[in-house]
Structures are given as structure tokens and as C-alpha cells.
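Have the structure open as you read.

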Amino acid sequence: MLLGDGMDGRTLTHEILSQLPVARQTTAWGTLGTIKPYLGFDTESDVQHLVEAIAGNGADHGAILDVLTNRTNAQRQQITKVFQALTKQDLLKSMGAALSGDLERVIVGLLKPLAQYDAHELRAAMQGMGTDEDALIEILSTRSNQQLRESLAFYQRDFKADPEKDIASETSGWFKEILLALAKGKREHYTGIIDYALIQQDAEALANPGARSEVAGERTWISIFTQRSPEHLSRVFGQCRESHGLEVEDTICKRFRGDGQAAMLALASVCRNTPRYFAERLHNAMKGPSTADKVLIRILISRSETDLLSIRSEFKKRHGKSLYSCLQVSMLRLPHPRGADPTTAWPRTWGHPAVRASPPAVVLMPRFSALPTRHHFPPSTKSRTQEAWLPAPC
């Protein structure tokens, strides 16, 4: 209705504002994730397809992936509940029995609530012979306060342990202080209001963190880096450069050492550009003679509904190659005859008998890398070539 037709400005404003909740309900389609809510979602049909896929002597890997990599985490949780109700079995345990290797890790990760998945990744990072410092800082520095609270609650429930005590016992020095500060989930939420006075104050604090002691200076840096919003910190970094000629990364390298330095540099990278941080994590995971499948899988699962499209864009911008094609190349790890063309070697997919039990992250990437219009295949299809189901590289 036009204003001239009898609607005053206040009524029109009320009308516009009343529509905002509707807009919020549809924002899932406006995210930069690569997995969107499946419009033709039919829980019982999906459960039936999964039951058929794991029945018999060999699991139908393609059918399992076709269902689970085309559903959001919320939809997968519904599938898990209905599977339990209809079959009286736990879907996670059923998949664990039917699959193995990296494919099992992928599917089990997809079926867990994201907060529980993070909790189990944190636990795994602190178990075994050594601590996975990079995994700890990745998870704790890139999740929201609410996500951290939910993850740590799952940690306590599933492992009957205090996550902060475990962090304190498995780490030391400034690295421990940084992780514990992040685990408290006290990072400020960005409201869209730019506080120029606080930007100046924080820039001064970083440039001159206090003459009392070096320890007090480091604590000032940790406090600012773990409590301010990324948007605010990005402006603080710019102010440090303009007012004091300081690049925070250079100063971090002078003030911190070892794991503490690596953690602070990671925090600076996350605050400057989170997708770029993940793009570099993915790139580093694919460098060298072997691929860090755990890192690839964790990032692809955790970012698939939030910003994986942005991560892909940053990866292409930084390295001149698409993330999709780099994942394909990194998966070519099978030995081949001397003199053979490596580009014709078998890719590591479930279809090759030598690696059927351990397909890596390239199994994830086709679905997670696809544009919103994805290829779909009948879940009953037992045989499919790689070329048939991979979307075209971006």
C-alpha cells in the first residue's frame, strides 16, 4: 500500500519490521555455505535408502554419501532420530560397523550435531602421544560463544571430564593461557556500532602494553585478542599500523615464542579474514608427501553450512588453483608403475579396491564444493564412476 492510499510513515515502518522474522527464517539460503536445506526432504525415505545401503555384505558408499552430503546437519539429526525409531538401532553405530577408515570418519562426523563433533575433535586433539595444538586453536578461535558453550557441554557429557582442566593439563605457558581464555567464551558480539574511542584505546594498549612487567604486557595482548570481536580487532590492527607503524604479526613474533606465538598469529589471521585462515589451513594440509586427511575432513564438515564458498574463493585467490582441483591432486597418493603418468593414476575413491576402506576428503569435497544446483543420483545405484558424479570444477 502506498503512503498516499492512507498508510502513514509509522504504519509503513511497522509493516516492514513485522516482515523481518520471515526474512530471518529464510537466511539459510543466503549463507556462504555449500550445503543448503534439501527442499524435497523426506525423512522416512532417506532412512529407507540408508537401511538398503548398509544391508548385505558390502555397504553402498555412493548411496550413503548421496543422502548425507545433500542434507543439512539439522536434517541429518532428524534422520538419526527416525532411523532409531523405525529400526531400533543407532545410526552412528550402524554406520561405524558398515564403514571403515576415512569414510567412516566422514560419515560419523556428518551425523553428529556440530557441537558434539567439535567436542570430540577437541578430545582427540588432547589424546594420544602428543597434543594437536593446531586443532585446538582452530576450533576454539573460530567458534562463536554459543557454539563453544554447546561444545564444552557435550565434552563434559560424553567424556565425564572438565574440558578446561584437560586443556590446562595438556598445554603450558602462554599457549595454555590463550586457550583457556578462548574456552571461557567471552568474546564480544559485534553490534555494527564502531567504537572509535575503544579502537584507539586498544591500539595504544597493544603498542604500549604496560611498563610494569613483560608478563603484564603479554596478558594485555591475550585479553584483547580473546575478548574483542574480530571486526573490532581488524580496525585495531589498522590503527596500530597508522598510529605506531606496527604490524601486529611482527610484534607477536617479538613478544611470544613457540605455541603461544603460533596461537596469537592464528588469532590475528582469523580476525583479519576467517575464510583466508581456513584456506591456508587447507593448503598446508595438502602440502608435502602425505595429506592431513583429518584436517581436511574437519574443516569441510565444520564450514560446509557457513562459509565454505568464501573459503574456496580465498583459496583460488591465494594459490591460483581451485580448492576442488587441489583436493583431487592431493588424493593421488597410490603407487603407480615407474614412468606412468601420475594424472592417470587411480584417484583415492571408494571405487578403487586398494583404498575402498579409506577414502579421504575428496569424497567430501564434491558435495561440499558444489554450487547450489547439485547432481543427484538414485540412492539404489550401486556402480558409478568418479566422472559421473563429480560436479565440474570451479
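Q: Why is the pair of Arg71 and Asp46 called a salt bridge?
A: The term asks for a side-chain nitrogen of Lys or Arg within 4 Å of a carboxyl oxygen of Asp or Glu. Here the N to O distance between the side chains of Arg71 and Asp46 is 2.8 Å, so the pair meets the definition. In this predicted model, local features need pLDDT of at least 70, side-chain atom pairs count only at pLDDT 80 or more, and totals for chains, interfaces and linings use all residues. Residues are numbered from 1 along each chain as its sequence is written, and side-chain values use heavy atoms, with hydrogens and water left out.

Q: What makes this a link between distant parts of the chain?
A: Arg71 sits in the loop between α4 (61–68) and α5 (73–87), while Asp46 belongs to helix α3 (residues 43–54), and the two are 25 residues apart. Helices here are DSSP runs (H or I, at least four residues), numbered from the N terminus. The structure holds 21 salt bridges.

Q: How do you know how α11 and α12 run relative to each other?
A: Their packing angle is about 170°, with the axes 9 Å apart. Axes are lines fitted to C-alpha atoms over the stretch in contact, and angles run from 0 to 180 degrees between N-to-C directions. Angles over 145 degrees count as roughly antiparallel, and α11 and α12 are therefore roughly antiparallel.

Q: Which residues meet where α11 packs on α12?
A: Glu164, Ile167 and Ala168 of α11 meet Lys176, Leu179, Leu180 and Ala183 of α12, where contact means heavy atoms within 4.5 Å. By class, this contact has 5 nonpolar, no polar and 2 charged residues.

Q: What makes a space in the model a pocket?
A: On a 1 Å grid over the protein atoms alone, a pocket is an open set of points where a 1.4 Å probe fits, with protein on both sides within 12 Å along at least five of seven lines.

Q: How do you know which residues line the largest pocket?
A: Lining residues have an atom within 4 Å of a point. For the largest pocket there are 36, with Thr142, Arg143, Ser144, Gln147 and Arg303 nearest its centre. Helix α10 gives the most, with 5 residues. The lining divides into 10 nonpolar, 15 polar and 11 charged residues.

How values were computed:
Nonpolar A, V, L, I, M, F, W, Y, C, P; charged D, E, K, R; others polar. Parallel < 35°, antiparallel > 145°, perpendicular 65-115°, else oblique.
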